[in-house]
Amino acid sequence: MTALVPRRARRLASLAEALLTPHGMDRYLELVDPMLVRREVRGLVTGVRRQTPDTVTLTIRPSRAWRGFVAGQYVRVTVEIDGVRRTRCYSPAGSEHDGTLELTIKADPQGLVSRHLNRTVTTGSVLGLSTPDGEFTLPSPRPRRILLLSGGSGITPVLSMLRTLADERHEGDIAFLSYSNGADDALYRAELADLSRRLPGLRVVHAFTHAKTGGDLHGFFSKEHLAEAAPWYPDAETFLCGPKPLMDSVREAFEADGLGAHLHTEEFTPPALTFDTENAEGQIRFARSGREFENSGKPLLEQAEDAGLKPEHGCRMGICFSCTQIKTAGCVRNAKTGETSSEENEEIQLCISVPVGDVEINA
């Protein structure tokens, strides 16, 4: 008899879902409590702390639809700002074996969502979450030697890997080389010191790029830094996340030594975008900026930049959602999928949206 109860409950839930179409049960449940939703993932902020003046670290309890993540992956976080839902990608910093979620967000002076998360989110706030995504993950079985290399807020996915390895009581060699401007900008110093005590094979090295005192190394990345932090790095698998100059320098060093296959980075290969610049027609209008120009056939982000505008953007390939804006009128085609949409007042990603005729953007 007891085995029938969960089955009966699921049937009743499915029936309720059908009766509540077209909105579905979640639309009504979230009016009572956003954390009650069944199909979508929400996150309740249970802790807020500030490690540096321009970052915020959020501890989040996901709703029941959450199925966990793999260290190194990212999640899409959705917030409502001035009545508009905005989405950005952030990598969890905690262990994949921990049931909670920890995100550290650095406020970009031009970043709408990062500034909102830093300034307005408090304990008790509810965020929209996606299922995790990304292939920047540790292999299984774990490598015997691992070098984790980060810069600035890029520390989060590799710290997640380190915390995961600590929970697994990894017995191999690990070096963690972390770059920051100086002591005031260095994230997770106390946590890294604690992990050093937990993992006998771990060596943490702090490199300060601007400060001349404190830290273990000084200046920007070099092969000398590599040799100091992990003399055995040619025999290791290296996982890297940070700003582009750091990524480029590390990649150049590894490729020069023939070690490119052992370097793993959190970045994405740009998709092949298709658009026609010869047969384009119509006018493009960015309403709030008052700029109007002829449609060149390129994605809207490129056209805006060609016209002297500077929309917020990130990956330029339809992944991070940083360039999302409201299209108030007109038709656009998704340059990745070829699908078109003519809905009014809809969110579109400028980097992969190609105008089909006249288009107006509320930006």
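Which residue in β12 is the bridge partner of T238? Keep that in mind; point 3 has the reply.

1. **What you are looking at.** This is a predicted model, in which local features need pLDDT of at least 70 and side-chain atom pairs count only at pLDDT 80 or more, while totals for chains, interfaces and linings use all residues. Residues are numbered from 1 along each chain as its sequence is written, and side-chain values use heavy atoms, with hydrogens and water left out.

2. **The chain as a whole.** The secondary structure comes to 8 helices and 18 strands. Here helices (H or I, at least four residues) and strands (E, at least two) are DSSP runs, numbered from the N terminus. Of the 363 residues in the chain, 47% are buried; buried means under 20% relative accessible area, exposed over 50%, and partly exposed in between, using a 1.4 Å probe and protein chains only.

3. **Strand β11 and its neighbours.** Two strands pair if DSSP finds at least two bridges between them. β7 and β11 pair in the parallel sense over 5 bridges, and 3 bridges join β11 to β12, also running parallel. T238 of β11 is the bridge partner of L147, and in β12 the partner of T238 is L263. Both faces of β11 are covered: E237, F239 and C241 are buried on one side, T238 and L240 on the other.

4. **An open sheet.** Now look at the sheet of 6 strands with the order β4-β3-β6-β1-β2-β5 and antiparallel pairing. β4 (84–90) and β5 (101–106) stand at the edges with a single partner strand each, so one side of each has no neighbour in the sheet. Within this sheet, β1 (residues 41–49) and β2 (residues 55–62) run antiparallel and are joined by 6 bridges. G43 stands opposite P62 in β2.

5. **Helix α7, a helix with two faces.** Helix α7 (residues 244–256) has 13 residues and reaches 18 Å from its first C-alpha to its last, close to the 18 Å expected at 1.5 Å a residue (the expected span is 1.5 Å times one less than the number of residues). Its buried residues are L246, M247, V250, A253 and F254. They cover an arc of only 135 degrees around the axis, which puts them on the same side of α7; the arc is that of the directions from the helix axis to the C-beta atoms. The face turned away from the buried side carries the exposed residues K244, P245, E252, E255 and A256. Among the elements covering the buried residues of α7 are β8 (173–180) and α6 (223–229).

6. **Two nonpolar cores.** A nonpolar core is a set of buried Ala, Val, Leu, Ile, Met, Phe, Trp, Tyr and Cys residues joined through side-chain atoms within 4.5 Å. The largest has 24 residues, and L148, L162 and F176 touch the most other members. Its largest share, 7 residues, comes from α4. Apart from this core lies another, of 23 residues, including Y179, L217, W232 and V250.

7. Is S180 buried or exposed? S180 is buried, with a relative accessible area of 8%. Not counting residues up to four places away in sequence, S180 touches D185, A186, A207, F208 and T209, where contact means heavy atoms within 4.5 Å.
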